[in-house]
Amino acid sequence: MTDPTFGAETAYRAADHLRKTSLAGTWDVFGEKAERFEIHLNGTKREMVRGPVRIEGIGLRVLRPVDGQLGIGFAATSDRSAESLSRAVQDAEAAARYSRFPAAHVELPAAAPNAGPVDSVDRGAWAKPLESLNAYVHELVSAFEGRHGVVPSFGSVHLTLGESTLANSAGLEHRASRTLVDVEVAVKAFGGPEGRPPGEYWVVGHSVRLDPSNVRSDVETWCQRAKDVRVAKSPTAGEQTVVIPPRALADVLPDILSFRLSGAAQLRGMAPKPGETIGAEPISIWDDGTLPFALGTATADDEGHAQSRRRLVHAGRAEATLYDVLHGGASQVPSTGNGRRDILSYPDWERFSHAPGPMATTLVVGTGDVATDAELAEVAGEGIWLDQLGYAFPDALSGAYGGEIRIGYRIHRGKITEPLRGGTIGGLVVAGTGERSLLNSVVAMGSRAELMPHLSCPTLVVEKMGVGGAD
Amino acid sequence: MSGLRDSEDAVTRALGRIAPNTSYAEAMAERSDGLRLRLDRSQTSLGVDPRLEGAVFRAWAGDEWVEAASSGLDAASLTATADALRSHLGAKAKSTPPPGISATGSGERQTHAKRPVAALSPEERLEIARRMSETAKSVGGIHDVIVTLVGQTEERLFVSTAGARRWQQIERTRAAVVPIAMENGKVEYDYVSLGGTGGLEVLDGLTDDEIVRTAKEAKALLMAGSAPTGSMNVILDPGTAGTFAHESFGHGTEADQLLRDRSYLKPLLGEMVGPEFLTLVDDGSYPQGWGSVFFDDEGHPSQRTVLVDHGKFVSVLHDRESAAFFGRTATGNTRRADFLSRPFVRMTNTFVEPGDWSLDELVKEAKDGLLLQNCTSGIEDPLGGQMQIKVKKARRIVHGELGAVGPSMALSGKVLDFLKGIRGVGRADVFGIFPGSCGKGHTDLIPAGTGGSYLLSHAVVGPA
């Protein structure tokens, strides 16, 4: 089955023009055409309907040999006229004269991967975007009906249909479609005889499918969290065992690991050497660009290389690195298919405006052997079950992360007990052997992985984490 | 790419296709581009920002707003977008007026940069960046230095069926120097960053002394032990005080949050929320402010709005809809991230007005605690009134003296408790507005300036 398509020729038209105007040397052009539909809620009332919101543009990259290195020029534009393309060529060539990258030579792929389409498109949503969006929002709003003391205070659902095209000087032409769903909901709990201030649970989710089937159970969870916020207590300060589920890890791990395990970090002397310990023995991590319906999944990366599953960390030791064409060239190895134009922290639909760089697709953390949440709490004994950080601010350079506990739960005598809120939690994600870090301090792992944006991961039990609180 | 005003006729004609079907419609057309330079030890990247152009149309559908947008300012794209929007408009759209008062004024304003980045040759831009890098490296033991220099131009045209016409062109310049120290696999850095509306003149404070001081701090952070945690006296540096004003307090003053009954501040309007020497302001007209605009995206002029006046919470920020609901006037705070994004009530430059304490006096007053420096992030909690602010470094205060620097920390606690606990605000000589990026929810990032002077209060701090 082929993917649905707009029939966009964005990059192909630009490439034809470049060939006709005899653009010499190595270059590639990435085109993107996207349509977005949005519904914004004020409570359960529709506040604004947006769509279609359309964007189409190209990103042109030229790679020029200069003094034994490469001069890289990149220019992007949403103006598809011939004049604008000519100006993009001038801008890119001018940039290449002054930019320097430490690779002597790179080769762009000449042909697209043979693999068939992967599961990265919600076909139903593509076929009927507005109807699908309306149905989803209807389900979302309906899920709050009949509930007392909980309402959505605001929310929005965005559905984006995107089609990228890629062409290069080696003759490659590649087309890919994708759907992107962004859901943001804030649930407010209020009222009651106790007179407490209202509480809010605020969730943001990204996926490729507009699937209403889990909305009711999600809303049930969100409402409970919002109620828990109202009665939450401050955590106790000090070093504690913290159980971190995938939804909290997704705010921390991808940004830091995607950089630290990449050719970009290697070039700056910040990547672990092969065999170097960066995590506890149970930690193994893969990069997998083929996981069905994952945000990072595609037939090819944004430079035209096939996607695969590769082990990056084995039994706590670094094993492999993420490369795009340029960083592979700097290390004289081929691209690993990790040339991407995304922004990890939030899914971007203007990818043409970014030059490719080395980046993870979906990081897959291997599972452990603890079957249930109750057993994970039992392993922890005493500590905190962390549900959500305010903002983890994962710092790729230093490897640090941390923030306020928006909602968590105390673990007491091996049981999940009262809700917690406030205080802070944080530290380093990766550090050398013997140093305190999240990955070094994992003592147990759940046996089930959950797919999050750019991360598939089980719940981790991490000991001796720094917790800041009022006492 | 020609000037945006060249596309005005096409935009107006497209708007005219919607006008017969609604009581009110507007269009915002935008063009943006810029120059960007990044230098580090492994590579030099000098190029242009994406050249993006397009238009968004908004119309009142009788009971909700509807919008459509598209890249491209050619007549065909604009017509298709306008027609797509028109198809959403039923009979109610014509008979029911939108909430609030529509802007009607016209005007043209633009930034007059004294030393525009675009006037520099590539060699001159590279020379500036290399000099900054070499200055940082002159401090021994610096592993790498990341230098960025950005000059951006944003042109917007707003027209409406109520007769408004506003054109503005804003130039923003920003630079950052990030010295990185590294030892045994541990990486630490510090940063210094300045930016504003204008040209290179907004970077005049980015002196060699400042860069050397930052590089030394990066080295010191590598050796820093852990900082104390718990509830204690804290002094926020001017940038962190600004982030407090913006994230912790300011988001709760965006009146769309009040309309949603989603602000802990709503019942406190008119009440004392802080000491009498505390004044908090949002000012979209602040000269050279990073978040300054001439007009907002509903066509209203930007303005200074005092939020907290000598401790009393006196005003909130309005778009046309919230202004109508609360019986106020719009405050020029309706902003879109770009032509692809929806409008919201947003802040511009939000800051704490300076007071009369020197840093030495604040440190002595604190006696013991932490000086929190170089804010890296903050997040709002408009309903719960909790705060989270993260800083790159925290310096100990011991017996009224500044001590050793410590690693990144997070500040948490209740905003109202923090406000009531403020014991002093620093003088104007260290006041500054710093460049930042603000999201509304998880996206819609806009340039937002945050600033202030030093500020002493009490909060919970912990590892981050």
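Modeller: What follows goes through the chain interface and then the domains within each chain.

Modeller: This is a predicted model, so to speak of local features we need pLDDT of at least 70, side-chain atom pairs count only at pLDDT 80 or more, and totals for chains, interfaces and linings use all residues. Residues are numbered from 1 along each chain as its sequence is written, chains are lettered from A and ligands numbered from 1 in the order in which they are written, and side-chain values use heavy atoms, with hydrogens and water left out.

Colleague: OK, how many residues does the contact take from chain A and from chain B?

Modeller: Chain A brings 80 residues and chain B 78 residues, where contact means heavy atoms within 4.5 Å. About 6300 Å² is buried between the two chains, with carbon and sulfur atoms giving 52% of that; buried area is the accessible area (1.4 Å probe) that two parts lose on being put together, summed over both.

Colleague: And how many salt bridges are there across the interface of chain A and chain B?

Modeller: The rule finds nine, a salt bridge being a side-chain nitrogen of Lys or Arg within 4 Å of a carboxyl oxygen of Asp or Glu. One of them joins Arg268(A) to Asp40(B), with the closest N and O atoms 2.7 Å apart.

Colleague: Switching topic, where are the domains of chain B?

Modeller: Chain B has domain 1 (4-223) and domain 2 (230-463), with bounds that come from an automatic or database domain assignment. Their centres, taken over C-alpha atoms, are 22 Å apart, and the contact takes 50 residues from domain 1 and 38 residues from domain 2. Together these domains of chain B bury about 3600 Å², 53% of it on carbon and sulfur atoms.

Colleague: Which residues of domain 1 of chain B lose the most area to domain 2?

Modeller: Those are Arg166(B), Arg172(B) and Tyr191(B), which together make up 15% of what that side buries. Eight salt bridges cross between the two domains of chain B, and Lys393(B) and Glu217(B) meet in a salt bridge of 2.8 Å, N to O.

Colleague: Then chain A, how many salt bridges are there between its domain 1 and domain 2?

Modeller: The count is three, for a chain divided into domain 1 (10-231) and domain 2 (232-471). Asp387(A) and Arg225(A) meet through their side chains in a salt bridge, 2.9 Å from N to O. The domains of chain A bury about 4000 Å² between them, 65% of it on carbon and sulfur atoms, and in domain 1 the residues that lose the most area to domain 2 are Phe30(A), Phe101(A) and His206(A), together 13% of what that side buries.
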